[in-house]
Amino acid sequence: MYIKRLFAFLVILLVLAGCRPATPTSTEETINFSIISPSGAPALSLLDFVGDETVNYEIVDGSDVLAAEFTSQESDFIIAPVNLGVNLINNGAQYTLVSVLTWGNLHLVGTSEHLNTNTIAAFGEAAVPGRVLGVVGDVFEGITIDYYNSVQEVSAALLAGQYNAAVLAEPYLTMTQNQWASNNEGELYEIYDIQELYKEETGMSSYPQAALFVKTSLVQSNLQDIMNFANKMQTSITNYNNNPEALSARIDEVDLSVLGFANPDLIKQAYSRMALNFVYAYDCVDEIDTFLDLFEIELKSSSYIG
């Protein structure tokens with residue numbers, strides 16, 4: 001009798017074990033994104049993504065690579081000049097504008113506190129610097145502007161004594177000022193904040209430069225994930241704008257060379273003038289419109305997440 005009862009008990013246990021529901025498994029997938037960014041200030045928008053295994057990023061030089069990316073659609077996100085991206089969208093690129101990441105940071109500096117020369121050096125004649133300087137042209141009436149291909153070349157020409165004044169952008173502005181102070185008596189003065197001149201002419205606080213674009217198909221299929229990614233970027237930029245100590249700690253924590261920066265101390269010094277400010281496109285339509293008018297480009301409501 002005892003053996004029969006024991007056998008029956010074991011059978012019941014086996015049956016119950018067989019009916020027990022399996023341990024639930026997560027069906028939530030980890031979303032991996034790829035993003036490409038130009039070197040310089042825009043790359044710093046990725047500071048909190050360094051080491052994030054769900055984000056694959058690439059830092060590149062030159063607008064040609066970025067333009068090709070809009071055609072190949074290999075990257076989920078593209079950081080690119082707003083005029084470049086919107087123009088390509090208008091011509092069929094399957095991307096959507098999410099936000100502006102960086103704003104104007106052009107400054108005219110010189111060996112004197114006032115503009116007392118007939119010739120200055122600048123860069124980007126057909127790009128943003130040239131168009132913006134055209135807007136504020138009254139200030140430079142009677143001044144010859146020698147345009148170079150890059151801000152690096154302008155910095156070198158100024159340091160070599162070929163000019164008494166030049167238009168520079170961060171972080172080359174801070175780097176040039178540091179080198180000047182090391183090799184010369186006196187300092188390089190800021191003669192004009194070009195953004196202030198632009199504001200006087202247009203009524204806009206500044207002009208958008210680098211912007212975040214996302215593959216349109218992802219907006220349709222993964223909107224919440226897209227917004228989570230964008231919100232993380234916004235929180236990161238806002239935090240470092242308001243907390244220099246946190247910025248310094250983060251720069252010390254990561255290998256900044258993966259974002260294209262060889263001198264972390266320079267970035268700490270220059271960050272506040274790099275004009276990083278995450279603003280969703282729908283919150284700065286007027287600024288974008290005014291700026292794109294310089295390139296005769298139309299911002300359509302279908303071009304951005306609204």
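The structure is a predicted model, in which local features need pLDDT of at least 70 and side-chain atom pairs count only at pLDDT 80 or more, while totals for chains, interfaces and linings use all residues. Residues are numbered from 1 along each chain as its sequence is written, and side-chain values use heavy atoms, with hydrogens and water left out. Helices (H or I, at least four residues) and strands (E, at least two) are DSSP runs, numbered from the N terminus. Residues are called buried when they have under 20% relative accessible area, exposed when they have over 50%, and partly exposed in between (1.4 Å probe, protein chains only). The areas themselves come from the Shrake-Rupley method.

**Salt bridges**

- Side chains of opposite charge can pair when their charged atoms come close. A salt bridge here is a side-chain nitrogen of Lys or Arg within 4 Å of a carboxyl oxygen of Asp or Glu, and by this rule the count comes to seven salt bridges.
- One of them joins Arg250 to Asp48, with the closest N and O atoms 3.4 Å apart. This pair links distant parts of the chain, since Arg250 sits in helix 10 (residues 244-253) and Asp48 in the loop between strand 1 (33-38) and strand 2 (55-60), 202 residues apart. Arg250 is buried, with a relative accessible area of 13%, whereas Asp48 counts as partly exposed at 24%.
- Another salt bridge is formed by Asp76 and Lys215, where the closest N and O atoms are 3.8 Å apart. Asp76 lies in the loop between helix 2 (63-72) and strand 3 (77-81) and Lys215 in strand 10 (residues 210-215), so this pair ties together parts that are 139 residues apart in sequence. Both Asp76 and Lys215 are buried.
- Glu170 forms a salt bridge with Arg273, and here the closest N and O atoms are 2.9 Å apart. The pair again links distant parts of the chain, with Glu170 in the loop between strand 8 (165-169) and helix 6 (172-183) and Arg273 in the loop between helix 11 (264-270) and strand 11 (276-280), 103 residues apart. Glu170 is buried, with a relative accessible area of 6%, while Arg273 is partly exposed at 28%.
- Salt bridges that share partners join Asp48, Arg250 and Glu253 into one network.

- Lys and Arg count as positive and Asp and Glu as negative, while His and the chain ends are not counted. The place of a charge is taken as NZ of Lys, CZ of Arg, CG of Asp or CD of Glu.
- Asp138, Glu141, Glu196, Glu200 and Glu201 gather in a patch of negative charge on the surface. Such patches are made of residues with over 30% relative accessible area and no salt bridge, and like charges are joined within 9 Å.
- Within this group, Asp138 is placed in the loop between helix 4 (128-135) and strand 7 (144-148), and Asp138 is exposed, with a relative accessible area of 61%.
- Glu69, which lies in helix 2, is buried yet has no salt bridge, and the nearest side chain of opposite charge, that of Lys215, is 8.0 Å away.

**Polar contacts**

- A polar contact is a pair of N or O atoms within 3.5 Å; within protein, one must be able to donate a hydrogen and the other to accept it, and residues adjacent in sequence count only if both atoms are side-chain atoms.
- The side chain of Glu69 makes a polar contact with the side chain of Ser75, at 2.7 Å.
- Thr117, placed in the loop between strand 5 (106-110) and strand 6 (119-123), is buried, with a relative accessible area of 14%. The side chain of Thr117 reaches the backbone oxygen of Thr119 at 3.3 Å.

**Backbone features**

- A cis peptide bond, with omega of about 5°, joins Glu170 and Pro171, and Pro171 is found in the loop between strand 8 and helix 6.
- Gln73 has a positive phi of about 60° although it is not a glycine. Gln73 is placed in the loop between helix 2 and strand 3 and counts as partly exposed at 32% relative accessibility.
- Glu296, also not a glycine, has a positive phi of about 55°. Glu296 lies in the segment after helix 12 (285-293) and is exposed, with a relative accessible area of 76%.

How values were computed. Patches are made of residues with over 30% relative accessible area and no salt bridge: like charges are joined within 9 Å, nonpolar side chains (Val, Leu, Ile, Met, Phe, Trp, Tyr) within 5 Å. Accessible areas come from the Shrake-Rupley method with a 1.4 Å probe; for residues, only the protein chains shown count as cover.
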